[in-house]
Amino acid sequence: MTILAAVIERYGPPEVVHLAERPTPEPRAGQIRVRVGATTIGPSDSAFRSGTPWFARLFSGLVRPRQQVLGSDFAGTVDAVGAGVTRFALGDRVYGATGAASGAHAELVVVAADGAVQPIPPGVSDTDAVAVIDGFLTALPFLRDVGHVQPGHRVLINGASGAVGSAAVQLARWMGADVTAVTSTPNLELVHRLGAAHAIDYTVADFADARDAYDVVFDAVGTRSFGRVRRALTARGVYATTVPSFGLLFAILATRVVRRRRAAVAFTGLRADAAKRADLELLSRLVAEGELVPVVDRTLPIADIVAAHARVDSRHKVGALVLTLVE
């Protein structure tokens, strides 16, 4: 028996991704197999496909891709249950993240039953469920654990209309922060609707020109360096970004000594499954309460995987790009 998967065998442009048959995965003890209804494709998938920037190959393989089937986020239905699993049953609708193991860009994926997987909240579609996960599991650790966002903090989100940025805007607002969102002209209304009190059109003004303005600057797209942003931070402010660089690593070391206007990074995909599972429990509650809503750029069938990668590479997607595997 085989399944259909989006496969990469070498680094390169979107065209290196192709659909291929792969052996049907079988769940071992303590695992479940999920028939994937929807998954997402984002910047990390693009980086692991292209092998750029440099740090991506530290995780994906120096010469060739270590994981031939990409994709972390998934939503679907439990298709098989391994021995000893009592948490889930056949037919349960679930969503979650595979983390470094990847493999969600396929018809079936096997995950640990006690890992980063939760029941989908009632009334939420696979598309909406996976779209919320896409940015939430990255944005939450950055804001809560790195930025230590508290009520009343002034928080700026750069790249506020992307999958991570749109989640960050909503989470920072939920945390009680005064949120400033940086985006392009067409998306100003969107970020206000998500909860931003202020919006900056980056085609008109540069938020980095501010002085002592923000307790936290979360650069979800990595377009501003710490050196450029530093003066926009308050004395104890934190700059965090999803895109590491040599300059950022130097800044992190330097600011640990000075302890003023700190630079930080977090590799959220490498967190333990237990931590992700706890965050997913919170996510389910926020979705059920209407505190967090999905932002979907577009939904494409897995057959359009090359076009999906090209869309991510364009850096113009708004929210999550969802791939569907079940008609």
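Here is a short chat about a few spots in this predicted model.

Colleague: What should I know about the numbering and the ground rules before we start?
Modeller: Residues are numbered from 1 along each chain as its sequence is written, and side-chain values use heavy atoms, with hydrogens and water left out. The model is predicted, and local features need pLDDT of at least 70, side-chain atom pairs count only at pLDDT 80 or more, and totals for chains, interfaces and linings use all residues.

Colleague: Is H1 roughly parallel or roughly perpendicular to H9?
Modeller: Helices here are DSSP runs of H or I, at least four residues, and strands are runs of E, at least two, numbered from the N terminus. Helix H1 (residues 43–50) packs against helix H9 (residues 305–313) at about 105 degrees, with the axes 9 Å apart; axes are lines fitted to C-alpha atoms, for helices over the stretch in contact, and angles run from 0 to 180 degrees between N-to-C directions. Angles under 35 degrees count as roughly parallel, over 145 as roughly antiparallel, 65 to 115 as roughly perpendicular and the rest as oblique. So H1 is roughly perpendicular to H9.

Colleague: Which residues of H9 make that contact?
Modeller: Contact means heavy atoms within 4.5 Å. From H1 come Pro43, Asp45, Ser46 and Arg49, and from H9 come His309, Val312 and Asp313.

Colleague: Is Arg315 buried or exposed?
Modeller: Arg315 is in the loop between H9 and strand E15 (320–324), and has a positive phi of about 65 degrees although it isn't a glycine. Most residues other than glycine have a negative phi. Buried means under 20% relative accessible area, exposed over 50% and partly exposed in between, with a 1.4 Å probe and protein chains only. At a relative accessible area of 58%, Arg315 is exposed.

Colleague: And where does His148 sit?
Modeller: His148 also isn't a glycine, and its phi is positive, near 50 degrees. With a relative accessible area of 43%, His148 is partly exposed. Its place is the loop between helix H3 (126–146) and strand E8 (154–158).

Colleague: What about Ala6, buried or exposed?
Modeller: Ala6 lies in strand E1 (residues 2–7). Leaving aside neighbours within four places in sequence, its contacts include Val17, Leu70 and Ile305. Its relative accessibility is 4%, so Ala6 counts as buried.
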